[in-house]
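Morning, everyone. Please bring up the sequence and the model on your screens. I'll keep this short.

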Amino acid sequence: MKFYIGSGMKNCELVSRYAKLLIENGYEQTFDWVKNINGDKSIDDMIKYATFESQGIVDADIVIILLPGGRGSHVELGMALALNKKIFLCSVTEEDFNIENTVAFYELPKITKLIGNASDNVKKITESL
């Protein structure tokens with residue numbers, strides 16, 4: 001089974017932790033944007049990365065969004081919803097899902113919300129598939 005993980009840039013370590021755990025469980029990552037980011041900020045770089053990330057979502061069986069996310073991760077969530085992917089929305093705390101912080105799309109029935117650390121959430125993901 002193939003996976004893609006979306007999140008904000010500040011969560012690079014957490015994205016890598018989830019990916020490592022999933023790969024150890026026999027899953028395949030479609031695109032690892034953490035390993036492919038660099039300091040270049042040109043429009044051409046942005047287009048190239050957006051193309052790779054988009055294809056990663058298309059190729060994935062499951063899409064995992066780690067909160068808190070940034071603008072890009074919400075675009076990734078939107079793509080996953082539009083492509084009818086199995087989606088896991090993960091947070092370390094319940095705060096991201098409180099009414100003051102949540103987004104209406106987080107509440108769609110096709111999204112599985114998970115609260116916990118990476119190990120616990122990956123276990124929940126693998127057990128549900």
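I'll talk about salt bridges, then about a cavity.

First, the ground rules. This is a predicted model, where local features need pLDDT of at least 70, side-chain atom pairs count only at pLDDT 80 or more, and totals for chains, interfaces and linings use all residues. Residues are numbered from 1 along each chain as its sequence is written, and side-chain values use heavy atoms, with hydrogens and water left out.

Now, salt bridges. Side chains of opposite charge can pair when their charged atoms come close. The rule here is a side-chain nitrogen of Lys or Arg within 4 Å of a carboxyl oxygen of Asp or Glu. How many salt bridges does the whole structure hold? Two.

Take Lys-20 and Glu-24. Their closest N and O atoms are 2.6 Å apart. Both sit in helix 1, residues 12–24. They are four residues apart, so about one helical turn separates them. Helices are DSSP runs of H or I, at least four residues, numbered from the N terminus.

Next pair: Lys-113 and Glu-107. Here the closest N and O atoms are 2.8 Å apart.

Last, the cavity. That means a set of points on a 1 Å grid, over the protein atoms alone, where a 1.4 Å probe fits but cannot get out; lining residues have an atom within 4 Å of a point. There is one cavity of 30 Å³ or more. The largest cavity has a volume of about 40 Å³, the space filled by probe spheres set on the points, which are joined across faces, edges and corners. Its lining includes Leu-14, Tyr-18, Cys-90 and Asn-121.

Methods: Helix = DSSP H or I, 4+ residues; strand = E, 2+ residues; numbered from the N terminus. 1 Å grid on protein atoms, 1.4 Å probe; cavity = no way out; pocket = protein on both sides within 12 Å on 5 of 7 lines; lining within 4 Å.
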